[in-house]
Amino acid sequence: MSATYPALRLRRTRATDWSRRLHAETVLTPADLIWPLFIAEGQGVEEPVSSLPGVSRWSVDGIVARGREARDLGIPCVALFPNTPGHLRSDDGAEAVNPDNLMCRAIAALKDAVPEVGVLTDVALDPYTTHGHDGLVDAAGYVMNDATVEALVAQALNQAAAGSDIIAPSDMMDGRIGAIRGALESDGRHNVQVMSYAAKYASAFYGPFRDAVGSRGLLKGDKKTYQMDPANAEEALREVAADLAEGADSVMVKPGLPYLDIIMRVKAAFQVPVFAYSVSGEYAMIEASVAAGAGERDALVLETLMAFKRAGCSGVLTYHAAHAARLLGA
Ligand code: PBG
């Protein structure tokens with residue numbers, strides 16, 4: 001039997017800072033963070049993304065500088081997303097398999113300059129297609145599953161050859177994790193990890209990201225035939241089960257904050273490494289609230305990130321990674 005008031009006073013352990021620290025159930029450190037970075041063509045280029053205040057696209061030299069910054073801040077991994085120049089986009093997104101594309105040049109430059117920082121690369125065709133979809137579309141505009149999986153396998157092998165440490169398919173095609181894992185094994189890339197965007201929802205929170213990779217104006221229709229319905233949770237467990245069975249090393253839930261329940265359920269059901277992608281619209285929400293004087297950035301950022309750890313995440317992809325690491329390292 002537990003005590004009752006007044007023997008029980010839950011405020012006792014909260015009364016001082018040292019005691020609050022001693023009783024903290026969850027810890028957040030820079031090692032919990034993955035920093036998404038947008039790549040621009042050119043040299044010495046920094047292009048601010050207006051819908052993501054404080055976030056820029058960087059040319060490869062700037063990406064390398066961010067990689068060094070990540071290392072110095074104790075951030076273990078960066079995630080790369082290219083803004084492919086318009087003339088290199090096509091219906092079939094063939095630029096995705098060009099060994100000298102923007103993505104591959106950034107991967108190679110990072111692995112050369114800061115090999116101690118992990119490089120995660122997004123696998124999906126949307127930064128390379130003229131229609132903005134993550135896969136190959138048929139005459140009716142439907143994203144074809146099996147043909148897309150073949151293209152994604154080639155894209156993943158291209159990234160792995162450039163030096164990617166974690167292949168992260170974000171496309172939501174059926175069967176792509178097994179196909180990519182099998183191809184990596186056949187290619188001798190046994191230690192290249194696969195982090196599956198396993199439960200990825202058709203969300204209104206991706207708008208600023210689509211600005212950053214230049215696909216917002218191009219996107220025809222929506223992504224509801226492949227990304228998940230926000231109404232569904234049991235389906236998320238089936239997606240995760242399938243991706244784990246196919247060989248995913250870790251799984252992701254995306255977006256983050258509106259889907260904390262999914263994170264908890266996935267962690268409880270599978271006891272595997274779970275990551276959250278706190279997406280562009282979530283970042284923009286915090287920044288808008290700071291700009292409106294409604295909240296204080298540092299506290300909002302740290303409280304949000306702690307929520308992901310408390311829900312069971314191994315780590316979080318967040319555009320606030322460098323800022324948070326600075327706060328945590330101080
Ligand atoms: C596309 C992809 C998206 C994000 C990551 N990879 C957008 C989409 O599915 O349209 C979103 C990330 C963010 O909003 O920060 N494959």
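This is a predicted model: local features need pLDDT of at least 70, side-chain atom pairs count only at pLDDT 80 or more; totals for chains, interfaces and linings use all residues.
Methionine 172 is found in the loop that runs between strand 6 (166–169) and helix 5 (176–186). Although methionine 172 is not a glycine, its phi is positive, at about 65 degrees. With a relative accessibility of 4%, methionine 172 counts as buried, because buried means under 20% relative accessible area. The points below cover backbone geometry, the ligand and its surroundings, and selected residues elsewhere in the chain.

**Backbone geometry**

- Most residues other than glycine have a negative phi, and most peptide bonds are trans.
- Methionine 172, with a phi of about 65 degrees, has a positive value.
- Glutamine 271 also has a positive phi, near 45 degrees, and is a residue other than glycine.
- Glutamine 271 is placed in the loop between helix 8 and strand 9 (274–278).
- The relative accessible area of glutamine 271 is 59%, so this residue is exposed, the term for values over 50%.
- Tyrosine 5 and proline 6 are joined by a cis peptide bond, with omega about 10 degrees.
- Proline 6 belongs to the segment before helix 1 (17–23).
- A cis peptide bond also joins lysine 254 and proline 255, and its omega is about -10 degrees.
- Proline 255 lies in the loop that separates strand 8 (250–254) from helix 8 (260–270).

**The ligand and its surroundings**

- Aspartate 126 places a polar side-chain atom 3.1 Å from a nitrogen atom of the ligand.
- Lysine 200 has a polar side-chain atom 2.7 Å from an oxygen atom of the ligand.
- On its own the ligand has 400 Å² of accessible area, and the protein covers 100% of it.

**Threonine 84**

- Threonine 84 is located in the loop between strand 4 (77–82) and helix 3 (102–113).
- The relative accessibility of threonine 84 is 6%, so the residue counts as buried.
- A polar atom of the threonine 84 side chain lies 2.8 Å from the backbone oxygen of proline 127.

- Leucine 73 is part of helix 2 (residues 60–73).
- Leucine 73 counts as buried because its relative accessibility is 18%, and the cut-off for buried is under 20%.
- Between leucine 73 and leucine 244 there are 31 Å in space, C-alpha to C-alpha, and the two are 171 residues apart in sequence.
- The C-alpha atoms of leucine 260 and glycine 312 are separated by 9.2 Å, while the two residues are 52 residues apart along the chain.

Terms used. Residues are numbered from 1 along each chain as its sequence is written. Side-chain values use heavy atoms; hydrogens and water are left out. A polar contact is a pair of N or O atoms within 3.5 Å; within protein, one must be able to donate a hydrogen and the other to accept it, and residues adjacent in sequence count only if both atoms are side-chain atoms. Accessible areas come from the Shrake-Rupley method with a 1.4 Å probe; for residues, only the protein chains shown count as cover. Helices (H or I, at least four residues) and strands (E, at least two) are DSSP runs, numbered from the N terminus. Buried means under 20% relative accessible area, exposed over 50%, partly exposed in between (1.4 Å probe, protein chains only).
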